[in-house]
Amino acid sequence: MVRVLVATSRPKIGSAGKTGTWRFRRPVIDYEKCNACGYCWMFCPEAAIVFYEHMEKPEVNYDWCKGCGICSDVCPRDAITMKKERLKRRI
Amino acid sequence: MGKIELLRGNYAASYGAKLSKVQVITAYPITPQTSIVEVLANCCASGELDAAFVRVESEHSAMSAAIGASAVGARVFTASGSQGLLYMAEGVHWAAGARLPIVMAIVNRALAAPWSVWTDHQDAISMRDSGWIQFFAKNNQEVLDTIIQVYKVAEDVNVCLPAMVNLDGFILSHTVMPVDIPEQEEVDDFLPPRPPGAPYELDSNNPMTYGNIADPTCYDEFRFSMHEAMQYSKKMIKKTTREFERKFGRNHGALLEEYRCTNDAEIIVFSMGTMAEEAEIAVDILRDEGIRAGSAKVRVFRPFPTEDIIRLSNGLKAILVIDRNLSFGLGGAVASEIKASLYQEKRKPFLRERVMGLGGRDVTAEIIAEEMEKTLGMVEKEEEVVIYE
């Protein structure tokens, strides 16, 4: 019998911890300007913007958002601005 | 007993894949491989073959698609050669490391630069360290039969490695020969569907990633595991060859195909691909002249048949190795590996190596016979060996 070794892994929720703690700036959506086009949701590389079918407008999940700023960059209405932010507490 | 048809080597490969009931075919065309995939595309379109045909825009994508399909548990087939094989090179290594039993027909074609469409083995040899099992066929019947056999070897739960079946460009791919095409039921009897979970199957209900990062504390274990599987596959290849012969009545050799390698043989010529069939004719020519010659076709280059070569060299006066490839700065690959195999032996035969047939230059039986005679002459005179002139 020969052992076949394969490098695989299964997903674990939050295996890197809540990545929201990595941020030093946070995206803030101006809902007056937002027309719910969905670009921010589509382009977020972390799936940290939620926009389910029952929702009127997309929302940022600040538990996981790493503050990369892509959403702000792609928003065609400039409805998202990146605000400076610092964690008061070190984890 | 199937029906005998006149088939080009490429069509023999297509039939081999079709009879193996492959489930996913993905490939990019390159001369002289193109018609393999054209025939399979036709079979898929007509419904003759129930397989998914994935059109891709490059060989790199072809191997990527093949890896994805194989990871889901499908029996996958692809084909390439020459520049195309090099274009997918990182995927070739990846597939072996991911332990996916993909089978690929390689229509051997010389590498650029300079540009060439004719045959030599440089393309396949340049992938010899990839972890792929490598077979070299000498005629179209062997192409068809080997593809069927190789799925059985590659998919074995103890092997789980991808495999290449090499055929000489134009000499086999575009040359018509009579080929016995076995019945589908007979092949189904010999080759069952791919064993599930070997090595794994992607399932969106139970997601996983594969081919993950492995740090210095464990990466080597994965690689040694591949080497172990390669060594084990020698047994599987011998077993599968015997089973195939029992069922279909044909034997193309297991790791080596020996022709007139009698116990009292003075000289044996080692070669791969169609040169091996010419070598058999050369052996007949020499035997008629009273020279005890034999030919050993290297059917399987990876895993390298070290043990069989040591066995054959026992008591042998001379070896001639003809390489249709050249590792610049060293010499032919087959010759250097035969020498490596024989290093520990107390008594080694005289070994002469020749590099011939690069870029499709013709290697005929007469040339091989002449080279074998020269080799025997050199044994007497203890001349220095020149590989290319």
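A residue counts as buried if 20 or more other C-beta atoms lie within 10 Å of its own. A:C65 has 20 C-beta neighbours inside 10 Å, so A:C65 counts as buried. The model is predicted. Chain A has 91 residues, of which 19% count as buried. Chain B has 389 residues, of which 52% count as buried.

**Chain A: overall form**

- Chain A holds 2 helices and 5 strands.
- Read from the N terminus, the order of these elements is β-β-α-β-β-α-β.
- Chain A is more spread out than a compact globule, because its radius of gyration is 17 Å, well over the 12 Å that the globule rule gives for 91 residues.
- Along the principal axes, a box of roughly 65 × 35 × 25 Å holds the C-alpha atoms of chain A.
- Take the contacts in chain A with a separation of 6 or more: 66% of them link residues 24 or more positions apart.

**Chain A: around A:C65**

- Where in chain A is A:C65 found? A:C65 sits in the loop between β4 (59-60) and α2 (70-74).
- A:W22 is 43 residues away from A:C65 in sequence. In space, the two are 8.3 Å apart, C-alpha to C-alpha.
- Set aside the neighbours within four places in sequence, and A:C65 is in contact with A:G20, A:R23, A:R26, A:P27, A:E46, A:A48 and A:V60.

**Where chain A meets chain B**

- How many residues does each chain bring to the contact? Chain A brings 11 residues and chain B brings 18 residues.
- On the side of chain A that touches chain B, 7 residues are nonpolar, 2 are polar and 2 are charged.
- Strands also link the chains: β1 (residues 8-9) of chain A and β9 (residues 209-210) of chain B are joined by 2 bridges.
- These two strands run antiparallel.
- A:T8 has B:Y210, in β9(B), as its bridge partner.

**Chain B: overall form**

- Chain B has 13 helices and 15 strands.
- Chain B is as compact as a globular protein of its length, because its radius of gyration is 21 Å, close to the 21 Å that the globule rule gives for 389 residues.
- The C-alpha trace of chain B spans about 70 × 55 × 45 Å along its principal axes.
- In chain B, 81% of the contacts with a separation of 6 or more are between residues 24 or more positions apart.

**Chain B: two domains**

- Chain B is assigned domain 1 (3-248) and domain 2 (256-381).
- The centres of domain 1 and domain 2 of chain B, taken over C-alpha atoms, are 27 Å apart.
- The contact between them takes 27 residues from domain 1 of chain B and 19 residues from domain 2 of chain B.
- On the side of domain 1 that touches domain 2, at least two residues come from each of α6 (122-125), β6 (133-136), β7 (163-168) and α9 of chain B.
- Which element gives the largest share of that side of domain 1? The answer is α9(B), with 5 residues.
- By class, that side of domain 1 has 12 nonpolar, 10 polar and 5 charged residues.

**Nonpolar cores**

- In soluble globular proteins, nonpolar side chains tend to be buried together.
- The largest nonpolar core here has 119 residues. Those with the most contacts inside it are B:V103, B:A105, B:I147, B:A163 and B:V165.
- Helix α7 (residues 140-154) of chain B gives the most to this core, 8 residues.
- Domain 1 (3-248) and domain 2 (256-381) of chain B each give at least three residues to this core.
- Back in chain B, the contacts of B:V103 are B:F77, B:I147, B:V150, B:Y151, B:A154, B:A163 and B:V165, leaving aside neighbours within four places in sequence.

**Helix α5 of chain B**

- Which residues of helix α5 (residues 89-97) of chain B are buried? They are B:G91, B:V92, B:A95, B:A96 and B:G97.
- The cover over these buried residues of α5(B) includes α3 (59-71) and α9 (219-248) of chain B.
- Just after α5(B) comes B:R99, with a positive phi of about 60°.

Methods
Residues numbered from 1 in each chain as written. Chains lettered and ligands numbered in written order. Predicted model: local features only at pLDDT ≥ 70, side-chain atom pairs only at ≥ 80, totals over all residues. Helix = DSSP H or I, 4+ residues; strand = E, 2+ residues; numbered from the N terminus. Rg over C-alpha atoms; globule rule 2.2 N^0.38 Å. Buried ≥ 20, exposed ≤ 12 C-beta atoms within 10 Å, placed from the backbone. Contact = placed C-beta atoms within 7 Å. Nonpolar A, V, L, I, M, F, W, Y, C, P; charged D, E, K, R; others polar. Pairing = 2+ DSSP bridges. Core = buried A, V, L, I, M, F, W, Y, C linked by C-beta atoms within 7 Å. Domains from an automatic or database assignment.
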